[in-house]
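Colleague: I am new to reading protein models and would like to learn it feature by feature. Could you take me through this one, giving the general idea before each case?

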Amino acid sequence: NAKLSVSSTLEGGKVVLTTNLTKEGLAGLEVIMNYDESKLTLDNIIFDSGSTITNFSTSKDGRLTFGSIDQLKTARIKVGTPYKLIFTPKETLTNTAGLFYTVLSDAIDAKGNKLELIVE
């Protein structure tokens, strides 16, 4: 299995969701999460998953899908902070509790084997 730690903070008037991946050797990773669209607007996703990795994201009606895949069959998603999501609050927030929850998460290794991706 693999773990993707997710933490959210208030920074400079924005809500920033930062991920941390420690598992090496992943060829693909996808996360589907919901966010409170009545309180947040998605501004940007900053990808830092590797120079030859293909990144993707979609956002509609408070449901956000993001991730990366190795289409060359030689690259791996780099460990560290592959994704940083930036939101603008629609109202004044004092904390980020309850604004996000994970719906689905998947990962695969270089051989195409599915791994359990635990989002914390």
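Modeller: Let us begin with Lys 73, which is exposed, with a relative accessible area of 72%; here buried means under 20% relative accessible area, exposed over 50% and partly exposed in between, with a 1.4 Å probe and protein chains only. This is a predicted model, in which local features need pLDDT of at least 70 and side-chain atom pairs count only at pLDDT 80 or more, while totals for chains, interfaces and linings use all residues. Residues are numbered from 1 along each chain as its sequence is written, and side-chain values use heavy atoms, with hydrogens and water left out.

Colleague: Is Asp 61 buried or exposed, and what is its phi?

Modeller: Asp 61, which is not a glycine, has a positive phi of about 55 degrees, and its relative accessible area of 62% makes it exposed. The loop that holds Asp 61 lies between β5 (54-60) and β6.

Colleague: How many helices and strands does the protein have?

Modeller: There are zero helices and ten strands. The radius of gyration, taken over C-alpha atoms, is 14 Å, close to the 14 Å that the globule rule (2.2 Å times the number of residues to the power 0.38) gives for 120 residues, so the protein is as compact as a globular protein of that length.

Colleague: Which residues touch the most other members of the largest nonpolar core?

Modeller: In soluble globular proteins, nonpolar side chains tend to be buried together. A nonpolar core is a set of buried Ala, Val, Leu, Ile, Met, Phe, Trp, Tyr and Cys residues joined through side-chain atoms within 4.5 Å. The largest one here has 26 residues, of which Leu 29, Phe 87 and Phe 100 touch the most other members. β3 gives the most to this core, with five residues.

Colleague: With which residues is Phe 100 in contact, leaving aside its neighbours within four places in sequence?

Modeller: Contact means heavy atoms within 4.5 Å, and, with those neighbours left aside, the partners of Phe 100 include Ser 8, Val 15, Leu 17, Met 33 and Phe 87.

Terms used:
Helices (H or I, at least four residues) and strands (E, at least two) are DSSP runs, numbered from the N terminus.
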